[in-house]
Amino acid sequence: MLETDRLTQDDVRQIVREEIQRAFKKDPATKKLSMVASKGTLDWAYPPLILATAGAAANMEAAIFFTFYGLNIIHKDFDKKLLVAPTGNPAMPMPVPMPDVLTGMPGMKTMATGMMKSMFKKKGVATIKELLDVAVELEVRLIACQMTMDVFGFEESDFIDGVEFGGAAAFLSDARKSHVTLFI
Amino acid sequence: MAEYQENQLLDARGLLCPMPIVKAGKVMRGMEDGEVLKIIATDRGSIVDFPAWCEDTGNELLEWHEGDDGLVFFIKKVEEEDW
């Protein structure tokens with residue numbers, strides 16, 4: 001061990017740096033991930049679930065606050081509710097180039113959703129159900145926004161098991177203790 | 001390219017992000033400090049994801065290489081310090 005009177009300025013700097021690094025490492029906020037999931041389409045259901053499960057697998061405490069259309073993701077009927085529409089989304093790959101007016105025809109949403117599901121399955125992407133199961137298993141907190149539930153007329157029993165309920169203050173209280181916060 | 005003797009093997013071939021990490025995390029939870037997990041994956045994202053995951057969890061990436069049947073990772077479990 002170094003004797004105090006022999007410490008040079010560089011030694012002190014080194015010690016201070018190490019202590020700060022240690023303190024940062026111990027900060028519980030580095031282990032927390034808080035997200036808002038606001039979109040209710042099949043494609044946008046993926047990012048919050050992927051990040052939450054990857055975070056939980058890296059020993060993070062992950063929480064997702066589902067608001068507005070994001071409530072679809074944790075609805076018991078998520079499989080029927082999560083669709084993808086080609087209209088207004090020029091980035092969506094289509095089998096043949098199609099003008100917007102045609103992408104709005106009846107049946108196009110079903111077709112596009114089916115296409116996305118089969119493409120994901122072929123490539124080996126996990127399904128929404130698999131990701132939800134993993135999220136629950138890894139104790140990701142799934143929080144439904146009470147206000148939008150009331151506006152859309154959802155009951156607590158409309159959601160999958162394990163869902164909690166809360167408001168903006170609950171999310172913010174969680175988010176301020178998390179280094180990783182995302183709005184999706 | 002060193003081969004390590006693994007205590008557990010995870011076949012993550014065909015799985016895409018985030019499942020290789022999720023499955024590795026699950027297996028690791030049941031392993032003892034110092035034990036080695038061998039993972040075979042085909043997701044190219046794993047090349048970047050497993051080192052990052054090791055940095056976050058404190059586990060040690062011993063070695064990785066491209067094998068004949070996929071990307072091979074050897075990760076040693078390092079128990080996290082209590083805090």
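I count a contact when heavy atoms lie within 4.5 Å. I am working on a predicted model.

**Chain A, a helix pair.** I looked up which residues α2(A) and α5(A) bring together. From α2(A) come A:Leu42, A:Asp43 and A:Tyr46. They meet A:Thr113, A:Met116, A:Lys117 and A:Phe120 of α5(A). I sorted this contact by class: four residues are nonpolar, one is polar and two are charged.

Next I checked the geometry. Helix α2 of chain A spans residues 42–57, and helix α5 of chain A spans residues 108–123.

I then traced the strand order. Chain B has an open sheet of four strands, ordered β1-β2-β4-β3, with mixed pairing. Which strands stand at the edges? They are β1 (8–12) and β3 (60–67) of chain B. Each has a single partner strand, so one side of each is left without a neighbour in the sheet. From one strand to the next, the twist averages 15 degrees.

I looked at one pairing in detail. β1(B) runs parallel to strand β2 (residues 36–41) of chain B, and five bridges join them. B:Ala12 has B:Ala41 in β2(B) as its bridge partner.

**Chain B, helices on the sheet.** Helix α1 (residues 19–29) of chain B packs on the sheet and touches β1, β2 and β4 (70–76) of chain B. I read about 160 degrees between the directions of α1(B) and β1(B). Helix α2 (residues 46–57) of chain B lies across β2, β3 and β4 of chain B. This helix runs at about 5 degrees to β4(B).

Methods: Residues are numbered from 1 along each chain as its sequence is written. Chains are lettered from A and ligands numbered from 1 in the order in which they are written. This is a predicted model: local features need pLDDT of at least 70, side-chain atom pairs count only at pLDDT 80 or more; totals for chains, interfaces and linings use all residues. Side-chain values use heavy atoms; hydrogens and water are left out. Axes are lines fitted to C-alpha atoms, for helices over the stretch in contact, and angles run from 0 to 180 degrees between N-to-C directions. Helices (H or I, at least four residues) and strands (E, at least two) are DSSP runs, numbered from the N terminus. Ala, Val, Leu, Ile, Met, Phe, Trp, Tyr, Cys and Pro count as nonpolar, Asp, Glu, Lys and Arg as charged, and the others, Gly among them, as polar. Two strands pair if DSSP finds at least two bridges between them.
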